[in-house]
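This briefing concerns charged side chains and the contacts between them. Please look at the sequence and the structure before reading on.

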Amino acid sequence: QRQLVESGGGLVQAGGSLRLSCIASTSTFSIISMGWYRQPLGKQRELVAQITSSGYTNYADSVKGRFTISRDNAKNTVYLQMNSLKPEDTAVYYCNASPHFSYWGQGTQVTVSS
């Protein structure tokens with residue numbers, strides 16, 4: 001059964017750091033691009049970082065230079081290191097394929113206080 005399980009969120013002060021993890025239960029993990037998405041309360045979900053199967057990365061302008069996406073194909077895991085966090089980074093964060101699957105995980109809440 002395909003599944004996405006995110007973890008690592010929490011409450012942090014502005015300027016702080018968090019590292020998110022996501023385990024993807026799919027046999028095709030090593031050959032697909034993966035992404036981290038976020039959805040602030042009342043707003044649409046957006047893609048903030050993606051990584052190809054070969055390790056090429058791309059970031060939304062709003063997080064470029066602060067967030068780093070990485071993957072471990074042996075563990076079917078994708079990570080998001082978030083540094084210099086800002087209050088506007090507050091959102092529920094999800095991982096998924098890029099383009100995304102039809103299903104989503106439960107996400108992990110990131111709250112950045114000012």
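A salt bridge is taken here as a side-chain nitrogen of Lys or Arg within 4 Å of a carboxyl oxygen of Asp or Glu. The model is a predicted one, in which local features need pLDDT of at least 70 and side-chain atom pairs count only at pLDDT 80 or more, while totals for chains, interfaces and linings use all residues. Residues are numbered from 1 along each chain as its sequence is written, and side-chain values use heavy atoms, with hydrogens and water left out. Searching the whole structure gives four salt bridges.

**Pairs formed by Arg38**
- Arg38 pairs with Glu46 in a salt bridge whose closest N and O atoms are 2.9 Å apart.
- Arg38 has a relative accessibility of 5% and counts as buried, whereas Glu46, at 31%, counts as partly exposed (buried means under 20% relative accessible area, exposed over 50%, and partly exposed in between, with a 1.4 Å probe and protein chains only).
- Arg38 also forms a salt bridge with Asp89, where the closest N and O atoms are 2.9 Å apart.
- Because Arg38 lies in strand β4 (residues 34–39) and Asp89 in the loop between β8 (77–82) and β9 (91–97), this pair ties together parts that are 51 residues apart in sequence; strands are DSSP runs (E, at least two residues), numbered from the N terminus.

- Asp89, at 0% relative accessibility, counts as buried.
- Asp89 forms a salt bridge with Arg66, the closest N and O atoms lying 2.7 Å apart, and Arg66 counts as buried at 10% relative accessibility.
- Through salt bridges that share partners, Arg38, Glu46, Arg66 and Asp89 are joined into one network.

Note on methods
Helices (H or I, at least four residues) and strands (E, at least two) are DSSP runs, numbered from the N terminus.
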